[in-house]
Every structure is written in C-alpha cells, then in structure tokens.
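Subject: Structure handover

Hello,

The structure I promised is pasted below. My notes on it follow.

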Protein chains: 2
Amino acid sequence: MPGKTSTVGTARSYREEVVPASGAARQYDGFHHAFTTAERDAVYRAIFERRDVRRNFLPTPIPEHILKRVLTAAHHAGSVGFMQPWDFVVVSDRSTKRAVKRMFQKTNAEAATRYRGKRAALYRNLKLEGIEEAPINLGVTCSRQRGGPHVLGRSTVRDTDLYSTCCAIQNLWLAARAEGIGVGWVSILDHSALKRVLGVPKPVKVLAYLCLGYVSNFATRPDLETAGWRERIPLEHLIHYESWGNTVIERKGKR
Amino acid sequence: MPGKTSTVGTARSYREEVVPASGAARQYDGFHHAFTTAERDAVYRAIFERRDVRRNFLPTPIPEHILKRVLTAAHHAGSVGFMQPWDFVVVSDRSTKRAVKRMFQKTNAEAATRYRGKRAALYRNLKLEGIEEAPINLGVTCSRQRGGPHVLGRSTVRDTDLYSTCCAIQNLWLAARAEGIGVGWVSILDHSALKRVLGVPKPVKVLAYLCLGYVSNFATRPDLETAGWRERIPLEHLIHYESWGNTVIERKGKR
C-alpha cells in the first residue's frame with residue numbers, strides 16, 4: 001500500500017495511524033498551535049522523569065505497535081537537509097544479546113582498571129547495562145552517505161548527521177518514558193565488534209546500542225547521582241549572557 | 001542560597017521551582033510511574049509538531065523564567081558518566097546577531113554554488129535561518145574536558161559527550177514547542193568564526209547555534225518536505241529485524 005506508507009510520516013497521520021485518537025488528541029486538530037498547561041506539564045514530566053535505565057526491567061514483551069510508535073517518534077526528529085540518516089536494528093534474539101553482553105564485560109573490565117581505591121570499588125559496584133534483561137535491544141545507526149554528496153546544511157559541519165541521529169534517540173527515549181518503557185544507552189562496547197554482530201555495513205556508523213523494556217520503577221534521580229559518582233551542576237553555572245564567561249556566578253563574584 | 005541551587009536539578013524540584021504546580025503536576029507526586037493517555041499524547045504531540053523554525057518569529061520577548069525552564073529541560077538530558085558537558089550562551093544583542101548573520105550569508109553563498117539548475121534555484125529560494133528575527137539566539141557548547149580524563153562510559157566512544165549535548169538540544173527543542181516557542185538550528189556557519197564572536201575558549205566546542213522565539217504559526221510539515229527538496233522515508237524501510245538488511249521491505253521482496 002504505497003499510498004498508505006507515504007503518509008506515515010506526516011504530522012497529521014500520526015494521530016490517525018500511530019496514536020489512537022483520544023479526547024486530548026482531537027482537541028488540537030487543525031493545528032492550533034498552543035499547548036494546554038496540562039499538555040505542557042506532560043512534556044516536562046517526560047523530560048524530567050526520563051532515566052538511563054539499567055535495572056528493574058520486566059520480562060513483559062513490548063507489543064509491535066508500541067515499538068513502532070516509539071520508533072516513529074525517533075523518525076520525526078529533525079535532520080540536517082532532511083537527511084533522515086538513521087536506521088534501527090531491533091534485536092530480541094537471546095544469542096545476539098549474549099554476544100553483546102560478553103563484549104560489554106570485556107570492555108568494562110578494561111575500563112575498571114582506570115580507577116583507583118574507593119573510586120574503583122564504587123565503579124565495580126555500578127550496574128551499567130541491562131542487555132540480557134531488556135526484552136528489546138536496539139542498534140541505532142547513521143548512514144553517512146544517505147542523501148548524496150551535498151546534504152543541505154552539512155557542508156560546514158560534517159557531523160551534523162550524527163547530531164540529527166542523537167536527536168532521534170532523545171525523541172525515542174522520551175516517547176518510551178511516556179509509554180512506561182525504560183531505555184538504557186550502553187556505550188561501553190567495542191563498536192567494530194558490535195557492527196559485525198549486527199551485520200552493519202562498512203559506511204554505516206553504529207551510534208548507539210539501547211536496551212528497552214517495561215520497568216517496575218523509574219528512579220527519581222540518575223543512578224550516578226544517587227551512587228555519589230558525580231553531582232548535578234547548578235544550571236546557573238552553565239548559562240552565559242551575551243558571551244562566554246558572563247554567568248550569574250561570575251557577575252556575583254565581581255561585585 | 002547554596003541550599004536552593006543544589007536542589008534545582010532534582011526531578012522533584014522542577015515541579016516546585018520551575019513548573020508551577022497545576023492539577024496535572026500534582027497527580028503524579030510520589031512518582032507513580034505511568035503516564036495517563038492524555039499525558040502520553042501530549043508528549044507525542046510535542047515530538048510530531050516540533051519544527052525546525054526559520055520564519056514566523058514574533059518580536060515578543062521570551063520571559064526569563066520561561067527561558068530558564070527550557071534550559072532546565074536541556075540540562076536534564078542524560079549524559080555519559082553524568083558529565084553534563086553543555087553550556088548555553090544566550091544572545092539577545094543585535095550586533096552579535098548581525099555578525100552571525102553576515103557569517104551565515106558568506107557560508108551560504110558558498111554552499112549555493114554546489115547545486116546546479118533547478119536544484120540551485122530551489123536552494124536559493126529556501127529560507128534557512130531566522131537569526132535576526134528571533135529574539136534569542138543560543139550557542140550550545142560541549143566542554144570536552146569536563147569531568148576529568150576518565151569519564152565513565154566514554155573510554156570506547158570519545159564523542160559520547162557530543163551525543164549527550166545533542167540529546168540536551170532535543171529536550172530544549174521539545175520543551176520550547178510545548179511553550180509555543182519555535183527553535184531553528186543554523187548549521188551553515190563557520191564554527192571557528194562563531195567561537196570568536198561568542199568568546200568561547202579553545203577546548204570548548206560550539207555544537208549548535210539555535211534561534212528561539214514565539215511564532216505566529218508552526219508549519220505542519222518540515223519546510224524541506226513542503227518545498228519538495230526531499231521526501232520523508234517510510235519508517236518500514238528503516239527497521240531491521242535481528243540484523244541489518246532484514247526489513248519488512250526486504251522480506252516482502254524475497255517472497
């Protein structure tokens with residue numbers, strides 16, 4: 001049904017095909033652009049309650065239509081020159097997960113040797129992945145040659161295709177949170193080995209390996225904050241007015 | 001007030017300090033983790049109605065507390081090793097905007113020479129930035145040395161700090177959409193010149209230059225799709241099952 005697939009991507013069609021029409025969905029037909037306070041709060045809720053999940057995964061399978069909904073959210077990120085450089089490799093096979101888990105264990109053992117004393121002990125106690133517990137693993141790739149040699153907006157910053165793919169990942173992460181699905185990004189992997197396991201061709205980059213599943217609970221704070229690994233930086237240290245260095249903190253200091 | 005700033009970042013505190021408590025916000029106190037259907041729909045709405053905005057900016061200023069809310073959303077992205085490598089340079093000064101606009105014009109004139117015939121004419125007709133119309137411009141940076149030499153999770157993939165910063169940008173983009181604020185990412189800029197204009201130090205990378213402002217209207221589709229520059233790829237072409245190449249399309253073709 002080419003007619004049908006060609007409309008999958010439009011903003012109007014997600015309500016018809018992906019998200020079943022609810023009262024809230026019907027309210028904003030015709031694209032009246034303001035969000036209600038409740039809608040706005042829900043967006044902030046997803047943003048603030050999203051976690052990088054490595055524990056509490058339930059074995060409950062993710063239904064195909066919900067996985068598709070979450071991937072549709074990813075696919076609706078903006079991309080440089082409308083390049084849409086991403087692909088998604090959906091892994092549920094146990095033997096693939098086991099192979100990736102072994103890769104993680106090897107790389108993580110090496111990483112652990114970088115720390116000394118208390119920090120090393122703390123590191124070894126952290127749970128940093130949920131590869132085998134999560135019902136779905138997801139490789140997110142970036143096809144760097146998609147869209148031909150001259151992608152609009154990419155001539156000055158070549159890596160904008162990678163950046164677009166990261167934006168897609170964040171969309172997926174937030175949509176998943178709204179669905180009650182936890183997502184964990186496992187970065188402690190040898191990416192050339194990972195490419196072989198997933199069968200990803202040479203010119204395509206594997207950007208992320210994610211673990212997805214329903215969870216019994218979302219933590220209220222990031223695990224690394226709770227574990228005392230590192231603190232959240234106060235936002236006002238990070239906002240510079242007009243040019244670098246002119247933060248509220250700096251200005252207070254100058255008084 | 002150090003006691004106050006130190007709680008700005010916690011998930012609980014955003015409701016108290018950033019988002020004024022509404023009925024919807026009170027409902028989920030105690031972190032009961034399920035979203036209502038209306039909340040879930042609102043998250044999808046933000047995702048599907050977010051646009052890369054280059055036109056329709058209104059001169060209405062963005063109040064400080066709303067800008068801060070949107071930046072708080074960015075700051076609540078996950079980051080590799082809880083590194084939080086981002087900073088935000090908030091520009092409202094006209095002369096800075098004018099300098100950046102001139103940089104864009106120069107780079108864009110060069111970019112236009114890459115296309116021929118109809119494509120070149122189409123390119124020249126596209127509006128690719130709203131630098132001077134948008135009340136706020138925002139440089140988003142990535143401090144690559146923040147968190148010391150051994151950032152947890154970054155030993156195998158050095159660029160995960162950049163990826164985290166992109167996730168922060170997507171949070172900001174979606175929060176802005178929920179606030180009725182349009183955001184446009186201008187990538188057609190010489191980033192070394194941009195760093196000089198913003199006074200950003202050498203080891204810090206400028207990842208994105210964004211234009212923010214209230215808009216009269218959000219387009220229903222991406223501008224490049226409407227202009228016929230490029231079409232949206234059907235999602236089913238991009239989902240591979242278990243390993244690369246095993247898409248629904250491929251499987252259909254093999255029948």
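Seven residues of domain 1 of chain A are in contact with six residues of domain 2 of chain A; two residues count as in contact if their C-beta atoms, placed from the backbone, lie within 7 Å. On the domain 1 side, the residues that touch domain 2 of chain A are three nonpolar, one polar and three charged. Here Ala, Val, Leu, Ile, Met, Phe, Trp, Tyr, Cys and Pro are taken as nonpolar, Asp, Glu, Lys and Arg as charged, and the others, Gly among them, as polar. Domain 1 of chain A covers 51-220 and domain 2 covers 221-255, with bounds from an automatic or database domain assignment. Their C-alpha centres lie 28 Å apart.

Before the rest, some housekeeping. This is a predicted model, in which local features need pLDDT of at least 70 and side-chain atom pairs count only at pLDDT 80 or more, while totals for chains, interfaces and linings use all residues. Residues are numbered from 1 along each chain as its sequence is written, and chains are lettered from A and ligands numbered from 1 in the order in which they are written.

The two chains

Chain B superposes on chain A by a rotation of 180 degrees with 0.0 Å of shift along the axis, at an RMSD of 0.0 Å. That is the relation of a two-fold axis.

The contact takes 106 residues from chain B and 105 residues from chain A. On the chain B side, helix 4 (residues 37-49) gives the most, with 13 residues. By class, that side has 55 nonpolar, 32 polar and 19 charged residues. Helices (H or I, at least four residues) and strands (E, at least two) are DSSP runs, numbered from the N terminus.

One open sheet has five strands in the order 5(A)-1(B)-2(B)-4(B)-3(B), with mixed pairing; strands pair if DSSP finds at least two bridges between them. Strand 5 (239-241) of chain A and strand 3 (181-185) of chain B stand at the edges with a single partner strand each, so one side of each has no neighbour in the sheet. Direction ignored, neighbouring strands of this sheet are turned by 25 degrees against each other on average. Axes are lines fitted to C-alpha atoms, for helices over the stretch in contact, and angles run from 0 to 180 degrees between N-to-C directions.

Going through the pairs:

- Strand 5 of chain A and strand 1 of chain B run parallel, over three bridges. Ile239(A) has Phe88(B) as its bridge partner, and Tyr241(A) stands opposite Val90(B).
- Strand 1 and strand 2 of chain B are antiparallel, with six bridges. Asp87(B) stands opposite Thr141(B) in strand 2.
- Strand 3 and strand 4 (residues 204-214) of chain B are antiparallel, with five bridges. Gly182(B) is partnered by Gly213(B) of strand 4.

Helix 8 (residues 160-178) of chain B lies across strand 1 (86-91), strand 2 (136-143), strand 3 and strand 4 of chain B, and runs at about 155 degrees to strand 2.

Six of the six residues of strand 1 of chain B are buried, so this strand is largely enclosed by the rest of the structure. Buried stands for 20 or more other C-beta atoms within 10 Å of the residue's own, exposed for 12 or fewer, and partly exposed for values in between, with C-beta atoms placed from the backbone. In a regular strand the side chains alternate between the two faces of the sheet. In strand 1 of chain B, Trp86(B), Phe88(B) and Val90(B) point one way and Asp87(B), Val89(B) and Val91(B) the other.

The other open sheet reads 3(A)-4(A)-2(A)-1(A)-5(B), again five strands with mixed pairing. Its edge strands are strand 3 (181-185) of chain A and strand 5 (239-241) of chain B. Strand 1 (residues 86-91) of chain A and strand 5 of chain B run parallel and are joined by three bridges, with Phe88(A) opposite Ile239(B).

Two backbone angles

Most residues other than glycine have a negative phi. Phe82(A) has a positive phi of about 55 degrees, and Gln84(A) has a positive one near 50 degrees. Phe82(A) sits in the loop between helix 5 (64-75) and strand 1 of chain A, and Gln84(A) is found in the loop between helix 5 and strand 1 of chain A. Phe82(A) counts as buried because it has 22 C-beta neighbours inside 10 Å; Gln84(A) counts as buried with 28.

Regards

Technical notes
Least-squares fit on C-alpha atoms with pLDDT ≥ 70 in both.
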